[in-house]
Amino acid sequence: MSLERTEEVTFDGTPTELWALAQLVKRIGWSDVRPLAVDKDETKVMISALDRLAMGLANAGYAPR
């Protein structure tokens with residue numbers, strides 16, 4: 001369990017941008033993120049953040065299959 005507090009971020013985008021962002025987040029995986037991260041721990045945090053972003057987009061109605 002993380003003891004880190006969470007913060008809310010608002011993103012204003014057009015429906016087209018939000019849909020495209022949802023598609024991108026869905027398609028990004030470990031092999032895409034790992035080369036951009038310092039180590040495996042940072043990769044895990046990045047993937048976790050992408051999962052949370054995907055959940056936020058889904059809650060707003062942007063959830064590609």
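Predicted model: local features only at pLDDT ≥ 70, side-chain atom pairs only at ≥ 80, totals over all residues.
Student: Where do I start? What does the secondary structure of the protein chain come to?

Tutor: Start with the elements, then their order. The protein chain has 3 helices and 0 strands. From the N terminus on, the order is α-α-α.

Student: What does the C-alpha trace span along its principal axes?

Tutor: About 35 × 30 × 20 Å.

Student: How do I read burial for the chain? What share of the residues count as buried?

Tutor: Burial rests on relative accessible area, and under 20% counts as buried. Here the chain has 65 residues, and 18% of them count as buried. The accessible surface comes to about 5600 Å². Carbon and sulfur atoms own 56% of that surface.

Student: And contacts along the sequence? What share join residues at least 24 apart?

Tutor: Take contacts between residues at least 6 apart in sequence. Of these, 50% join residues at least 24 apart.

Student: On to packing. At what angle do the axes of α1 and α3 cross?

Tutor: Read distance, angle and hand together. Helix α1 covers residues 15-27. Its axis and that of α3 come within 10 Å and cross at roughly 145 degrees. The crossing is left-handed. From α1, Leu18, Leu21, Ala22 and Val25 make the contact. From α3, the partners are Leu50, Leu53, Ala54 and Leu57.

Student: Take one residue of that contact. Which residues does Leu21 touch, leaving out those up to four places away in sequence?

Tutor: Phe11 and Leu57. Leu21 sits in helix α1. Its relative accessibility is 23%, so Leu21 counts as partly exposed. Also check sequence distance against distance in space. Leu21 and Tyr62 are 41 residues apart in sequence, yet their C-alpha atoms are 8.8 Å apart.

Student: Next, Thr43. Is Thr43 buried or exposed?

Tutor: Name the element, then the accessibility, then the neighbours. Thr43 is in helix α3, which covers residues 40-59. Thr43 counts as buried because its relative accessibility is 0%. Setting aside residues up to four places away in sequence, Thr43 touches Trp30, Val33, Arg34 and Ala37.

Student: And Val45? Is Val45 buried or exposed?

Tutor: The cut-off for exposed is over 50%. Val45 has a relative accessible area of 57%, so Val45 is exposed. Val45, too, is found in helix α3. Asp12 is 33 residues from Val45 along the chain, and their C-alpha atoms are separated by 24 Å.

Student: One more. What is the relative accessible area of Gly56?

Tutor: It is 38%, so Gly56 is partly exposed. Gly56 also has its place in helix α3. Arg5 is 51 residues from Gly56 in sequence, and 17 Å away in space, C-alpha to C-alpha.

Definitions and conventions. Residues numbered from 1 in each chain as written. Heavy atoms only, no water. Helix = DSSP H or I, 4+ residues; strand = E, 2+ residues; numbered from the N terminus. Buried < 20%, exposed > 50% of the residue type's maximum accessible area, 1.4 Å probe, protein only. Contact = heavy atoms within 4.5 Å. Areas by Shrake-Rupley, 256 points an atom, 1.4 Å probe, with all protein chains shown as cover. Axes fitted to C-alpha atoms, helices over the stretch in contact; angles between N-to-C directions. Left-handed = near helix turned anticlockwise from the far one by under 90°.
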